[in-house]
Amino acid sequence: FELALPILALLAMVDISLALLGRLNSQLQVITLSFPVKMLMSLGLLAALGPILPRLFQKAANPVMTTIAQLLSAG
């Protein structure tokens, strides 16, 4: 959840801004513009979060690995 939330929030903001832009300028083709803008923003956010992601993965994996170790030692 912590990994996906920043990207989901960014995509929601991009969708809202594109919807407002489409309402303000009705001649603008928002559908042809939305995919490249969303892709560029998502990749940019992932690149910015790159140094943080290993710590988040480790934090999420620690309880799972502890549970697996307990199950293996009990069996």
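These are my notebook entries on one chain and what I looked up in it.

**Entry: the model**

I am working from a predicted model. I keep that in mind for every value below.

**Entry: the chain overall**

I began with the elements. I found three helices and zero strands in the chain. From the N terminus on, the order reads α-α-α.

Next I looked up the extent. The C-alpha trace spans about 65 × 20 × 15 Å along its principal axes. The radius of gyration of the chain is 19 Å, while a compact globule of 75 residues would come out near 11 Å. I then checked burial. Buried residues account for 9% of the 75 residues.

**Entry: α1 against α2**

How do I describe two packed helices? I give the angle between their axes and the distance between the axes. Helix α1 covers residues 5-24 and helix α2 covers residues 30-49. They pack at an angle of about 150°, and their axes are 10 Å apart. Angles over 145 degrees count as roughly antiparallel, so α1 is roughly antiparallel to α2. I also noted the hand of the crossing of α1 and α2, which is right-handed.

Which residues make the contact? From α1 I listed P6, I7, L10, L11, V14, D15, L18, L21 and G22. From α2 I listed V30, L33, S34, V37, K38, M41, S42, L45, L46 and L49. I sorted this contact by class. It has 14 nonpolar, three polar and two charged residues.

**Entry: S42**

I picked S42 from the α2 side of the contact. S42 lies in helix α2. Is S42 buried or exposed? Its relative accessible area is 13%. The cut-off for buried is under 20%, so S42 is buried. I then looked for its partners, leaving aside neighbours within four places in sequence. S42 is in contact with I7, L10 and L11. I find I7, L10 and L11 again among the α1 residues of the helix contact.

**Entry: A19**

I turned to A19, which is found in helix α1. Its relative accessibility is 45%. A19 and S34 are 15 residues apart along the chain, and their C-alpha atoms are separated by 9.6 Å. S34 is one of the α2 residues in the helix contact.

**Entry: P51**

My last stop was P51. Where is P51 placed? P51 sits in the loop between α2 and α3, and α3 covers 53-74. P51 has 58% relative accessibility. Exposed means over 50%, so P51 counts as exposed.

Notes: Residues numbered from 1 in each chain as written. Predicted model: local features only at pLDDT ≥ 70, side-chain atom pairs only at ≥ 80, totals over all residues. Heavy atoms only, no water. Axes fitted to C-alpha atoms, helices over the stretch in contact; angles between N-to-C directions. Helix = DSSP H or I, 4+ residues; strand = E, 2+ residues; numbered from the N terminus. Parallel < 35°, antiparallel > 145°, perpendicular 65-115°, else oblique. Left-handed = near helix turned anticlockwise from the far one by under 90°. Contact = heavy atoms within 4.5 Å. Nonpolar A, V, L, I, M, F, W, Y, C, P; charged D, E, K, R; others polar. Buried < 20%, exposed > 50% of the residue type's maximum accessible area, 1.4 Å probe, protein only. Rg over C-alpha atoms; globule rule 2.2 N^0.38 Å.
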